[in-house]
Amino acid sequence: MPINNKKKVSIRDIAEYCHVSPSTVSRVMNGNSHISKETQKRVMDIATAWGYVPNASAKNLRMRTSRLVGVFVNTLDYGISSIIMSRLHDCLAEKDFACIICNIGANAEKEEHYYQMMLSMNACAIFLIVNRCDSTIDVKSDIPLIYVYRYPLQTPASPSVCRVETDNYGAGYQAGCELQRLGCRQIAEVRLISSDNQFPLGRHLGLLQSLYDHNVTYAESLSIVSDQNDYEMILEKINRKLDELPAADGYFCSSDHLALVLMEALELHHYRIPEDVKVIGCNDMLLSLHIGKPISSIRHRIEEICRAAIAVMERLISGEELAEEEYRQVFETDFIPRATT
């Protein structure tokens with residue numbers, strides 16, 4: 001990138017040229033000693049050569065101690081995102097951080113609006129509990145961004161973005177192994193597919209690998225796949241399938257809500273659960289406990305995920321440089337047996 005004296009040089013210009021994050025450049029400019037000597041020299045040499053002049057008022061604003069964080073979500077419904085949001089809020093409160101919940105939907109313009117609002121309020125970090133968004137902030141953020149629980153597929157890789165995730169692949173593998181242990185040999189799925197998020201695919205691939213490892217055939221013809229999260233439509237698809245073919249003896253559903261829909265259809269077709277058909281859900285929602293037949297499910301370690309995400313945030317806002325492998329943490333899942341297996 002050539003020096004352009006007509007253009008005011010920004011931290012982002014320097015970061016792009018040096019192949020580091022804007023927050024790293026900012027920490028170098030503020031004299032942070034945790035940055036490697038090599039990186040400090042490279043950044044300072046370019047800043048000097050290009051005549052970079054820090055914005056004193058912006059620097060003073062950022063240097064003030066802030067205990068405010070943003071939490072960006074796609075939805076405020078009662079699904080897994082709301083559980084994570086609630087737990088994250090409580091864990092932040094324990095450490096005297098305040099948070100503002102921002103419902104960005106799947107709208108990049110809303111994301112940008114709330115991001116600018118967080119900067120104007122001197123927020124120290126942003127957590128993202130999102131399925132998808134054509135993000136405009138990942139590659140430019142001046143404050144730490146931490147994805148919690150899931151990571152949208154289309155999000156560009158960036159050294160300024162951290163991921164604290166659940167092991168979706170492991171969840172599918174775990175469910176498949178459990179169904180086989182219980183004697184199932186015709187194992188199928190009820191699952192969603194998404195071009196935006198890795199978690200449905202990860203769970204599916206984990207299930208397939210568990211079947212392959214134990215020489216069990218995947219009952220593809222008995223599986224139900226939908227690209228729409230519409231339970232009435234999915235129920236209709238399952239009923240049509242059961243009208244034509246016998247049920248599998250074991251099903252892994254990519255959410256507890258889908259497991260409920262499957263159970264409704266199975267009972268309508270006079271299958272006994274778990275005697276004839278065993279069912280495992282995913283996400284371990286509270287509804288699993290408050291129905292006639294509590295659902296066996298895969299539990300995500302939400303508490304650990306939230307605390308780990310906050311620990312990463314605290315290290316970043318203190319100016320600490322993370323090792324490359326620390327930018328992504330993946331937490332194992334747990335199988336919770338109940339009445340459907």
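Good morning. I begin with a pair of residues: G70 stands opposite I100 in strand β2. The model is predicted, so local features need pLDDT of at least 70 and side-chain atom pairs count only at pLDDT 80 or more, while totals for chains, interfaces and linings use all residues. Residues are numbered from 1 along each chain as its sequence is written, and side-chain values use heavy atoms, with hydrogens and water left out.

A few words on terms. Helices (H or I, at least four residues) and strands (E, at least two) are DSSP runs, numbered from the N terminus. Two strands pair if DSSP finds at least two bridges between them.

Let me place G70 in its strand. Strand β1 covers residues 68-73, and six of its six residues are buried, where buried means under 20% relative accessible area, exposed means over 50%, and partly exposed lies in between, with a 1.4 Å probe and protein chains only. From β1, L68, G70 and F72 point one way, whereas V69, V71 and V73 point the other way.

Which strands pair with β1? One is β2 (residues 98-103), which pairs with β1 in the parallel sense over six bridges. In β2, L68 has A98 as its bridge partner. The other is β3 (residues 125-129), again in the parallel sense, over five bridges. There, G70 has I126 as its bridge partner.

These strands belong to an open sheet of six, in the order β2-β1-β3-β4-β5-β11, with parallel pairing. Its edge strands are β2 and β11 (328-331), each of which pairs on one side only. From one strand to the next, the twist averages 20 degrees; for such values, axes are lines fitted to C-alpha atoms, for helices over the stretch in contact, and angles run from 0 to 180 degrees between N-to-C directions. Helix α6 (residues 108-120) lies across β1, β2 and β3 and runs at about 160 degrees to β2. Contact, here and below, means heavy atoms within 4.5 Å.

A188 stands opposite Y251 in β8.

Two loop residues deserve a look. Is S254 buried or exposed? S254, in the loop between β8 and α10, is buried, with a relative accessible area of 7%. Not counting residues up to four places away in sequence, S254 touches V190, R191, L192, R203, C282 and N283.

The other is D284, in the loop between β9 and β10. D284 is buried, with a relative accessible area of 15%. With residues up to four places away in sequence again left out, D284 touches D256, S297, I298, R299, I336 and R338. The C-alpha atoms of D284 and F335 are separated by 9.1 Å, although these residues are 51 residues apart along the chain.

Next, a helix pair. How do α2 and α3 pack? Helix α2 (residues 22-29) and helix α3 (residues 37-50) meet at an angle of about 85 degrees, with their axes 10 Å apart. The two are therefore roughly perpendicular to each other; angles of 65 to 115 degrees count as such, with those under 35 roughly parallel, those over 145 roughly antiparallel and the rest oblique. In the contact, T24, V25, V28 and M29 of α2 meet T39, Q40, V43, M44 and A47 of α3.

Finally, the cysteines. The structure holds zero disulfides, a disulfide being a pair of cysteine sulfur atoms within 2.5 Å. C177 is partly exposed, with a relative accessible area of 25%, whereas C184 is buried, at 2%.

Thank you for your attention.
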